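Dear colleague,

Please find below the structure that I am handing over to you.

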Amino acid sequence: MIDWFSYVQIAVALLAGVFCLVSGFARRAPNDYTLGATALVELLLVVQFVIALVSPAAGNPPRGDVLTFWVYMVSALLLPAAAAFWALIDRSRWSTVVLGVACLAIAVMVFRMNEIWVSPNG
């Protein structure tokens, strides 16, 4: 993982999460903006996935537990997709809240993945 990209990804996920939560608590159903923000978080996760695949070959191997890192990565890739699927099926304000919670969870998961990658104790 690349530190600056991880921090950008965390910031985007936090902003998207807060935006979706505010929209959901304002009684707004999922719309293009909330789903787009979640899709951006997912896109950044896909880029992070590619970076994590290529980084060890470029001399940046993980220093923590590799299995834990990849479990976090796969889970993180599935979470926004599942939340967006839910939001497309259930068009209520609570689906928008679910999008926000998923984005906030991604911010925490990316922080933890970065910690596992750079710290020998993970």
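Helices in this message are DSSP runs of type H or I with at least four residues, numbered from the N terminus. Please keep in mind that the model is a predicted one.

The backbone of R27 deserves a look: its phi is near 65 degrees, which is a positive value in a residue other than glycine.

**How the helices pack**

Helix 1 spans residues 3-25 and helix 4 spans residues 93-118. The two pack at an angle of about 160 degrees, and their axes are 7 Å apart. Helix 1 is therefore roughly antiparallel to helix 4, because angles over 145 degrees fall in that class. Their crossing is left-handed. Sorted by class, the contact of helix 1 with helix 4 contains 20 nonpolar residues, 8 polar residues and 2 charged residues.

Helix 1 also packs with helix 2, again at an angle of about 160 degrees, with 9 Å between the axes. This angle makes helix 1 roughly antiparallel to helix 2. Helix 1 passes helix 2 in a left-handed crossing.

Helix 2 and helix 4 complete this part of the description. Their packing angle is about 20 degrees, and their axes lie 10 Å apart. Helix 2 is thus roughly parallel to helix 4, because the class takes in angles under 35 degrees. The crossing of helix 2 past helix 4 is left-handed.

**Aromatic pairs**

The count of aromatic pairs comes to 5. One of them joins F25 and W94 in an edge-to-face arrangement, with 6.3 Å from centre to centre and 80 degrees between the planes. This pair links distant parts of the chain, as F25 belongs to helix 1 and W94 to helix 4, 69 residues apart. How accessible are the two partners, F25 and W94? F25 has a relative accessibility of 53% and so counts as exposed, whereas W94, at 47%, counts as partly exposed.

**The salt bridge**

The count of salt bridges comes to 1. R112 forms a salt bridge with E115, and the closest N and O atoms are 2.8 Å apart. Both residues lie in helix 4, 3 residues apart, which is about one turn of the helix. R112 has a relative accessibility of 24% and counts as partly exposed. E115 likewise counts as partly exposed, at 34%.

Helix 3 covers residues 66-89, and P80 is placed in it. Is P80 buried or exposed? At 2% relative accessibility, P80 counts as buried, because the limit for that class is under 20%. P80 and L43 are 37 residues apart in sequence, and their C-alpha atoms are 9.9 Å apart in space.

A81 also lies in helix 3. Its relative accessibility is 42%, so A81 counts as partly exposed. The C-alpha atoms of A81 and L21 are separated by 17 Å, and the two residues are 60 residues apart along the chain.

V108 is found in helix 4. With a relative accessible area of 58%, V108 is exposed. A distance of 9.0 Å separates the C-alpha atoms of V108 and L14, which are 94 residues apart along the chain.

**Points to view on screen**

- the contact of helix 1 with helix 4, where the axes are 7 Å apart;
- the edge-to-face pair of F25 and W94;
- the salt bridge between R112 and E115 in helix 4;
- R27, with its positive phi.

Yours sincerely

Terms used. Residues are numbered from 1 along each chain as its sequence is written. This is a predicted model: local features need pLDDT of at least 70, side-chain atom pairs count only at pLDDT 80 or more; totals for chains, interfaces and linings use all residues. Side-chain values use heavy atoms; hydrogens and water are left out. Axes are lines fitted to C-alpha atoms, for helices over the stretch in contact, and angles run from 0 to 180 degrees between N-to-C directions. Angles under 35 degrees count as roughly parallel, over 145 as roughly antiparallel, 65 to 115 as roughly perpendicular and the rest as oblique. A crossing is left-handed if the near helix is turned anticlockwise from the far one by less than a right angle, and right-handed if clockwise. Ala, Val, Leu, Ile, Met, Phe, Trp, Tyr, Cys and Pro count as nonpolar, Asp, Glu, Lys and Arg as charged, and the others, Gly among them, as polar. Rings of Phe, Tyr and Trp (its six-membered ring) pair if their centres lie within 6.5 Å; planes under 30 degrees apart count as stacked, over 60 as edge-to-face and the rest as tilted. Buried means under 20% relative accessible area, exposed over 50%, partly exposed in between (1.4 Å probe, protein chains only). A salt bridge is a side-chain nitrogen of Lys or Arg within 4 Å of a carboxyl oxygen of Asp or Glu.
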